[in-house]
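Biologist: I have the model open. Can we go through it piece by piece?
Modeller: Go ahead.

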Amino acid sequence: MSDSIERNAAEIARGVNSGAFSAAELTRSMLAHIDRTEPQVGAYLSVLHERAAATAARVDERIKQGERLPLAGVPLAVKDNMCLEGTRTTCGSKILEHWTSPYTATAVQRLLDAGCIPVGKANMDEFAMGSSCENSALGVTRNPYDLERVPGGSSGGSASAVAAFEAAIGMGSDTGGSIREPAAFCNLVGFKPTYGRVSRYGLIAFASSLDQIGPLTRTVEDAALAYDAMGGHDPMDATSIDRPFETTADGLRTDLRGVRVGIVREFATKELGPEIDALYAKAYRDLEALGAELVEVALPTAEYGLATYYLIAPAECSSNLARFDGVRYGLRVEGANVHEMYERTRAAGFGPEVKRRILIGTYALSSGYYDAYYVRAQKARTLIAQDFAKAFASCDLIAAPAASSPAFTFNAKSDPYSMYLMDYYTIPMSLAGLPALSVPCGWVTPPGGASPMPMGLQLTAPLFAERALLSAAHAYERATGHAAAQRPVIAMEATQ
Amino acid sequence: MQYEAVIGIECHVELKTATKMFCGCPNEFGGEPNTKVCPVCLALPGSLPVPNRAAIDHMVRAGLAVEAAIPTFSKFDRKNYFYPDMPKDYQISQFDMPLTQGGVVKYWLEDGTMKSCRLTRIHLEEDTGKSTHAGSGDGRISGSTYSLIDFNRAGVPLMECVSEPEIHSADEAVAYLESLRRTLQQLGVSDVKMEEGSLRCDANVSIRPVGASELGTKTEIKNMNSFRSVHRAIQSEIARQIAVVEAGERIVQETRGWDEINGTTISMRSKEQAHDYRYFPDPDLVPMEITAAYVDALRETIPEAPWKRFLRYTQSYGLNVLQATQLIDTQPLASYFDAVVAASDNAQQATNFVLGDLSRLANESGTPVWLSAVSPEHLAELIVLVDGKTINSKIAKELLVRMWAGEGSPKALVEREGLAQTSDPAAIEAFVVDVLAANEKSVNDYRAGKTNVMGFLVGQVMKASRGKADPALVNDVVKKKLEQ
């Protein structure tokens with residue numbers, strides 16, 4: 001039992017379903033581990049001791065009644081922008097610091113129905129705006145592979161929790177790379193499904209047309225199991241896609257024969273330094289060794305992704321975040337009249353990055369600027385999606401870096417633009433709504449770094465080709481085994 | 001100088017649906033505050049809107065009823081501004097691609113003149129909550145110490161309907177509103193009750209010298225709670241503007257509130273806030289594709305337009321404006337009337353019965369005509385019996401009361417009870433001879449010049465015939481006999 005907290009989701013579900021161990025036992029060990037590890041890692045904004053124990057007891061009861069659940073007893077980290085009834089749901093923001101959600105997000109509910117145990121609400125960049133988790137107003141989260149480094153973001157808490165064995169599945173949300181980049185930084189698989197495949201109901205919106213929920217896990221199989229459980233049409237989300245849902249966990253292959261993998265001409269890795277350049281060259285060769293045919297593809301408009309994204313996402317956020325006004329819930333700072341109350345509440349409640357994006361977005365939508373900024377950005381977005389469609393005429397998957405560097409140290413990216421650049425390789429896929437994931441692809445020791453840090457290979461598939469995408473990632477993961485090469489530096493002695 | 005008023009009317013109409021526009025909460029008037037709310041209409045973090053298909057159907061039907069074009073593509077946009085009773089601090093509305101385009105409201109004035117006013121736009125949006133300001137004593141926000149918000153109304157589907165400035169008097173404005181109201185009511189898309197707020201309207205009023213083509217500076221009049229206050233407010237505002245111009249001053253573009261008690265408009269906001277609503281397509285809602293098949297199916301459900309019915313009633317049936325309007329304004333009564341006309345082919349008699357005797361019986365009993373025991377077919381039978389002189393109007397009235405009581409077909413009653421009118425001169429003469437013989441004094445009085453006893457004698461004959469004698473014939477025979 002002592003190593004049970006390190007089991008993957010698939011192993012846990014097998015163990016609980018077969019009666020080898022109970023969800024309650026595992027949850028107890030998990031909570032004890034969380035309590036010991038959290039002071040170092042800080043993955044969670046709230047740990048759900050009672051809730052987890054009660055849920056585990058119910059899962060055990062269901063197993064006893066003869067039910068078999070695909071994720072029986074699997075400890076789950078829920079990013080704190082997803083509603084779970086009766087829990088604090090803060091978005092990492094002062095403005096929602098004390099807000100308790102009265103309802104549960106669809107994707108969260110589906111994982112609970114599948115047998116998951118919610119052990120904690122995970123830290124994040126405020127309103128999912130950031131790439132390091134440093135924009136959280138409510139706590140610091142550290143990278144379990146080097147506590148002096150960031151876990152990535154915005155789903156940094158979920159990534160850190162899964163990497164530190166404080167959960168087997170982390171729920172993330174990805175707007176421009178917020179699942180894939182922290183997965184790369186924390187030696188995890190991070191999967192963003194096709195836009196519309198997972199319901200956004202109960203996910204606190206950052207940029208509605210880009211936000212997509214997905215899993216962070218230690219294996220591709222776990223990501224597939226989580227996706228199969230949370231995905232599918234939801235009548236509560238008008239953007240959720242109503243077409244047959246293809247499961248993925250039952251279709252994972254071990255080779256890449258017959259798969260054409262596109263290498264993006266514009267994403268040359270030379271400028272990332274010789275060590276990283278070599279690492280990606282090796283990753284592409286490994287894909288070839290598995291039977292894939294490498295082809296060069298062009299994404300000529302991808303370089304406009306960042307500029308496009310930083311108009312569309314702020315525009316939507318400027319409107320989405322208007323509701324945090326102090327009237328109905330969350331922080332309220334009183335004023336002489338309602339307008340002063342709005343101003344004081346929002347001034348005190350939002351952090352600098354959130355304010356920056358609200359201002360950019362408000363400007364981009366303003367009369368006189370709308371056509372020049374918002375409308376042009378939408379046109380660029382269409383062109384980027386068309387580039388992908390053209391590329392997929394000659395390949396089945398696209399391989400690219402997930403991030404341009406390994407996890408960096410705290411305060412290393414003090415100017416916003418250098419932080420925005422972290423998502424250079426992930427944003428185009430988000431704009432095109434494509435399914436994409438990051439899978440561990442090796443280790444590099446950053447200059448001055450104490451230990452090797454993980455890197456991620458980003459694989460992207462055409463719309464709705466989740467099955468092919470996860471299958472390929474699984475083949476690559478099995479053949480290379482990069483994730484197992486290092487262990488987190490957090491103190492594991494007490495549990496072993 | 002002679003002035004012409006130029007008026008445009010902006011209406012907000014709450015659509016009648018089971019649930020709200022974007023969530024499953026009941027769409028009902030009233031109730032304890034904040035009892036008809038959910039995460040979606042309270043805009044709790046993470047909630048998402050899902051459009052109500054019934055409201056979209058209503059919009060398309062309303063558009064078809066006013067001859068608007070229905071585009072093949074439409075979408076929802078966000079109108080961004082902060083307001084405490086608007087939970088998301090943006091309103092889901094429609095900006096540049098509403099569900100309907102154009103349209104025209106045709107209406108008639110009291111003298112029967114037909115008029116029409118084109119529509120600038122109709123679009124679909126959501127209603128806000130309601131604020132109550134407390135602590136100021138008079139319910140006004142100024143001086144209040146706190147405000148309470150009821151979100152029961154938040155998210156109710158709302159149709160905005162803006163007219164072109166083509167209305168030129170308070171009478172026309174009210175006639176326009178009446179026409180719009182009856183059109184929407186007959187479609188069943190709204191209760192259109194001003195007193196419950198399911199119809200709200202503002203008026204944009206300006207004046208210009210008669211013959212001028214340029215528009216004058218307009219003011220927007222709010223707070224009109226009935227058609228009567230719309231009429232009074234517009235009249236008062238036109239008079240005020242004329243007085244301002246005559247005094248050599250300029251009209252200020254502003255919003256003015258109608259003060260019902262003092263009968264005048266009062267400046268509310270002299271400086272229009274230049275709102276930038278930052279409209280953009282709502283990314284939570286997918287664009288709507290509207291197929292021809294869908295529109296055609298809805299077109300089938302549109303009843304005859306009230307203005308067309310008005311022309312039919314007044315021009316083909318010869319009803320007067322009041323009668324036509326009375327029927328049209330009670331749609332089930334108009335349908336009933338149409339059925340009676342169709343079966344009897346006598347619009348004048350149908351009008352007399354439906355608006356006369358039947359309406360009186362309805363008022364007395366509280367049962368509407370169209371729900372009464374008198375079916376349109378039975379009433380038509382009765383009219384045919386009268387037309388064919390099978391019964392006289394007195395018997396007809398008696399029969400109608402019995403039909404109202406549920407005795408069924410008048411034809412069957414007449415046959416069963418032998419109530420058919422007697423038009424046989426010999427039979428009538430026999431009754432007359434008997435009556436004159438029994439009333440010698442009256443006969444002598446008549447012959448002495450007291451001709452007013454004639455009525456009494458005719459009555460006696462009718463009585464003797466148990467009402468069945470043809471009264472006109474009785475009249476003739478009595479007269480003839482008396483003057484022999």
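Biologist: Which residues of the largest nonpolar core touch the most other members?
Modeller: A:L71, A:F127, A:M171, A:L287 and A:L457, in a core of 174 residues. A nonpolar core here is a set of buried Ala, Val, Leu, Ile, Met, Phe, Trp, Tyr and Cys residues joined through side-chain atoms within 4.5 Å. Buried means under 20% relative accessible area, exposed over 50%, partly exposed in between (1.4 Å probe, protein chains only).

Biologist: Which helix gives the most to this core?
Modeller: Helix α7 of chain A, residues 220-230, with eight residues. Helices (H or I, at least four residues) and strands (E, at least two) are DSSP runs, numbered from the N terminus.

Biologist: Before I go on, what are the ground rules?
Modeller: This is a predicted model, where local features need pLDDT of at least 70 and side-chain atom pairs count only at pLDDT 80 or more, while totals for chains, interfaces and linings use all residues. Residues are numbered from 1 along each chain as its sequence is written, chains are lettered from A and ligands numbered from 1 in the order in which they are written, and side-chain values use heavy atoms, with hydrogens and water left out.

Biologist: Back to A:L71. What does A:L71 touch?
Modeller: Leaving aside residues up to four places away in sequence, its contacts (heavy atoms within 4.5 Å) include A:A9, A:L111, A:G115, A:I169 and A:L225.

Biologist: Which residues of α4 in chain A are buried?
Modeller: In α4(A), residues 106-113, A:T106, A:A107, A:V108, A:L111 and A:L112 are buried. They pack against α3, β2, β3, β4, β6 and α7 of chain A. Just after α4(A), A:G115 takes a positive phi of about 110°.

Biologist: Switching to the interface. How much area do chains A and B bury?
Modeller: About 2700 Å² between them, 60% of it on carbon and sulfur atoms. Buried area is the accessible area (1.4 Å probe) that two parts lose on being put together, summed over both. In chain A, A:A238, A:R323 and A:R328 lose the most area to chain B, together 22% of what that side buries.

Biologist: And how many residues are in contact?
Modeller: 39 residues of chain A with 32 of chain B.

Biologist: How many salt bridges across it?
Modeller: The rule (a side-chain nitrogen of Lys or Arg within 4 Å of a carboxyl oxygen of Asp or Glu) finds one. A:R200 and B:D284 meet in a salt bridge at 3.0 Å, N to O.
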